[in-house]
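Please look over the following chain and its model. The report below takes up selected parts of the fold.

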Amino acid sequence: MAGKGGTVYEGEALRAVAMPMGGIGAGSVALCGDGGLRQWQLCNTVNHMAHVPHSFFAAWVAQRGRPAAARVLMSDAQYDESFFTPSQCVNDHVVPPGARKLLEQLPGVAAIRFTGAYPIAELEYTDDALPVALSLEAFAPFAPLNPEDSGLPAVVFNFTAHNPDPKQPAEVSLLATLQNAVGWDGLSAIDGVRNPGYGGNSNAVASLRDVSAIHMTNPTLPPNHPLAGGMALALLHKERAEGDAAYVVPQWIDPGALWADFAGDGRLTETPPGVGRPSEPGATWNGAIALRFHLEPGERRTVPFVLAWHFPNRYVNWDQARLIGFTDRKSLFWLGNAYNNRFGSALAVVEYLRDEGERLAALTRAFREAFYDSTLPTPLLDAAGSQISTIRTPTCLWIENGEFHGFEGCCGASTGQQSTGGCCPMDCTHVWNYEMTLSALFPSLERTMREVDLQVQMHPTGYIPHRTVLPTYLPRAWERGIGGPDKPALDGMLGEVLKTYREALRGAGEDWLDAMWPSIKQLMAHIMTVYDVNGDGVIRGEQPNTYDISIYGPNTFIGSLYLAALRAAEEMAQLQGEDDLAATYRERFGAGRENLDQALWNGEYWVQDVNLAVHTEQQWGTGCHADQLLGQWWAHVLGLGYVLPEAHVKQAVKSIFFHNWRTDFTGVVQTPRVFVDDADAGLLNCTWPKGGKPDVPTLYSDEVWTGIEYEVAALLLFEGMVDEALTMVQGVRARHNGTQRSPWNEVECGDHYVRAMSSWALLEAASGVRYDATQQALTVTPRLAAEDLRCFFVAGSGWGRLTHERDAAWVNLKLAVHDGAVALASARLAWPDDKKMAGAVVRANGSVLRASWRRAPGLAVIEPGKPVTLSAGDTLEIRLGA
């Protein structure tokens with residue numbers, strides 16, 4: 001069930017629900033469908049199965065005429081797996097032993113209703129023994145274009161208690177507990193309070209203004225130890241009511257004893273022996289905080305708790321031996337975390353949230369409302385919105401020097417024997433080719449990836465290896481085998497050109513493009529001479545790529561990327577004032593467009609022209625490859641036009657849907673990995689509708705990748721095939737409905753896989769909203785809901801809500817900026833060429849502005865007398881009439 005506040009998960013749909021919560025590059029913990037916290041990945045390690053026991057929330061309620069009741073705010077309603085058959089390659093459904101043990105020992109609630117609209121989860125707890133309504137709003141602060149406030153190592157838990165009784169008051173107590181996990185390696189199992197990494201743990205009550213907090217540390221660890229750091233559990237009570245009573249127990253061990261103390265009267269009065277001393281070797285302490293308060297009839301009260309952490313010592317903890325050419329498993333290569341620049345401890349994070357929490361909560365909720373309270377279809381919003389979470393999982397790093405980096409995903413059930421750690425480090429150019437989410441929401445971080453690729457990674461001859469060695473002062477992966485594929489990925493290099501132009505369009509600025517341009521020219525020269533050896537716009541030789549192999553011969557997977565890169569390079573050359581070079585790129589593009597189409601078009605789609613007698617394995621030949629128009633997808637996103645004939649593009653996209661989309665996988669052999677169940681719908685990477693499948697086809701041809709599905713669905717939208725696009729998106733989201741797979745974890749080679757962030761292009765394709773910061777121009781050409789479009793927009797350095805209304809006689813566009821600033825020199829609205837246009841009226845904050853208008857093919861272009869800058873709270877309205 002879906003609504004403007006998000007999608008609702010109940011019953012069996014809760015089984016695999018796991019929403020990651022944490023800041024960008026700061027680590028995360030998942031709030032799950034049982035109400036518990038799982039996937040504890042706070043201390044710079046990657047382990048999807050990690051669990052910290054004895055860390056939970058509970059409530060006690062007393063009301064006259066009813067027995068007092070206490071419940072852990074978790075439910076074991078889906079713990080019975082006797083009739084459950086899990087899907088392959090996923091593990092979000094797995095209940096940690098510690099959670100099972102907790103609810104075997106203590107009573108949980110009967111049921112939970114989970115509403116998810118990333119980054120906010122809202123839970124409602126149901127139990128007949130509790131006479132008050134209890135709910136939770138949980139999130140890590142999130143603000144587009146503001147990575148600092150979106151990168152906090154913390155989660156906020158706002159519990160609300162509502163007394164619905166019109167006559168009887170109620171006494172309520174809310175409890176939060178947390179285990180001191182400092183010293184735990186994030187990988188090994190914790191048994192109660194025992195783990196080999198524990199010992200010397202210290203829990204101390206912190207004295208802070210308007211905060212009750214426990215600071216958890218381990219002073220036995222040296223300051224530079226990889227696991228050194230701290231955690232904090234805090235109760236924020238800036239608005240304390242009369243009669244409130246806060247209780248803090250810094251050290252406890254036995255959940256049964258804690259429960260016996262709390263469940264009687266909602267107070268914590270037990271003082272364990274040895275308070276203040278460090279824990280014994282191999283053991284740690286738990287901490288607990290409770291707030292007891294009074295509710296009058298009909299009264300509602302919200303109580304905020306904060307979980308914060310601070311593990312500053314991020315080191316390289318993955319194997320780079322193959323990339324750097326030597327093995328060194330003893331040295332610690334420092335990276336740090338970006339949050340180190342702002343906070344010296346977990347308590348400092350708590351204090352920041354105390355002081356800025358209301359502002360941060362307002363921004364987080366404003367984003368949710370702007371994004372999800374939309375007239376676009378819910379599955380499309382879920383697809384684009386859910387994958388934002390990947391930026392804030394351990395897939396992504398934001399290190400102390402400001403650089404953003406990323407694995408391909410987090411090792412897990414899909415990665416064989418390696419079930420922990422990051423998958424395929426680092427910054428894999430060919431996988432990150434598909435990501436659009438980070439570049440839209442946090443472009444300043446995306447730019448650091450371009451800077452490393454173009455200014456650090458580039459070989460003196462002009463090529464770029466597809467994996468980055470960290471720290472960047474170590475040797476580069478030059479002139480040696482890289483792996484996945486073995487040689488530098490050509491699609492990754494072509495994508496580098498496209499991504500650089502994308503960053504320019506999204507507001508990088510002239511100085512930034514000036515700095516990147518020499519490397520782009522060198523990269524293009526390398527590609528045009530080494531790969532396009534005939535100079536005719538067609539690449540024929542070896543083409544290492546994202547399918548972890550090399551393909552040979554002309555094809556439009558690499559070929560369309562090359563054409564799009566030529567067009568992007570042409571546009572950048574014009575911005576740089578190098579018209580002759582722009583003409584060179586344009587001439588090569590024109591030749592390639594014609595030659596590719598003539599050589600490869602079979603009447604339905606483009607094929608690969610390869611000599612299978614020579615290249616006997618890892619080719620697709622006559623197959624219909626789902627990725628054959630990757631370059632056209634990029635060209636549409638960047639507004640570069642058609643890189644291949646429009647009519648053929650439309651037919652090819654239609655053919656991909658017709659031949660590769662399956663509504664059922666019964667009898668389909670998926671290999672080497674199985675990502676969909678028999679009853680699921682999905683898109684095969686390659687099919688052979690006309691026969692000719694090689695004995696050993698291109699690797700992963702018989703798999704289903706959500707990142708490719710979203711790419712093709714966006715292409716369908718760009719080409720006006722709305723029904724087919726929505727069918728595909730609905731099918732993907734149906735697989736991630738919480739019963740088998742988490743809505744916030746799309747798996748390929750690992751969990752939270754980067755390629756699935758191609759889903760952001762769905763939003764841009766459907767809404768038709770595109771902003772060009774180099775021209776301060778906003779284009780709005782909706783492909784869905786054009787008569788009544790309401791959607792999120794981000795433009796340059798500002799974001800907010802856009803509405804677009806249309807009937808036979810007029811078009812009305814309104815921008816409401818929620819945060820940042822949007823500079824606008826022109827707006828380009830869809831307007832038929834054969835339709836008369838009487839004029840346009842432009843209003844900023846209600847005041848009429850002088851403006852001119854003119855026609856362009858399929859558009860009306862409206863230009864205020866001078867560029868307008870809209871700040872937070874400002875509105876701009878344009879009414880165009882026939």
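This is a predicted model: local features need pLDDT of at least 70, side-chain atom pairs count only at pLDDT 80 or more; totals for chains, interfaces and linings use all residues.

Residues are numbered from 1 along each chain as its sequence is written, and side-chain values use heavy atoms, with hydrogens and water left out.

Helix α12, residues 579–600, has 22 residues and reaches 31 Å from its first C-alpha to its last, close to the 32 Å expected at 1.5 Å a residue. Its residues differ in burial (buried means under 20% relative accessible area, exposed over 50%, with a 1.4 Å probe and protein chains only), as the table shows.

| State in α12 | Residues |
|---|---|
| Buried | A582, Y585, R588, F589, G592, L596, D597, L600 |
| Exposed, on the other side | D579, D580, E587, Q598 |

α10 and α12 pack at an angle of about 35 degrees, with their axes 13 Å apart. In this pairing, W517, K521, M524 and M528 of α10 meet L581, T584, Y585 and R588 of α12, and the residues of the contact divide into five nonpolar, one polar and two charged.

Elsewhere, F305 lies in strand β18, residues 300–310, and counts as buried at 1% relative accessibility. Leaving aside residues up to four places away in sequence, F305 touches several residues, including F57, V155, L175 and I289. The C-alpha atoms of F305 and L175 are separated by 9.4 Å, although the two residues are 130 residues apart along the chain.

Conventions: Helices (H or I, at least four residues) and strands (E, at least two) are DSSP runs, numbered from the N terminus. The expected span of a helix is 1.5 Å times one less than its number of residues. Axes are lines fitted to C-alpha atoms, for helices over the stretch in contact, and angles run from 0 to 180 degrees between N-to-C directions. Contact means heavy atoms within 4.5 Å. Ala, Val, Leu, Ile, Met, Phe, Trp, Tyr, Cys and Pro count as nonpolar, Asp, Glu, Lys and Arg as charged, and the others, Gly among them, as polar.
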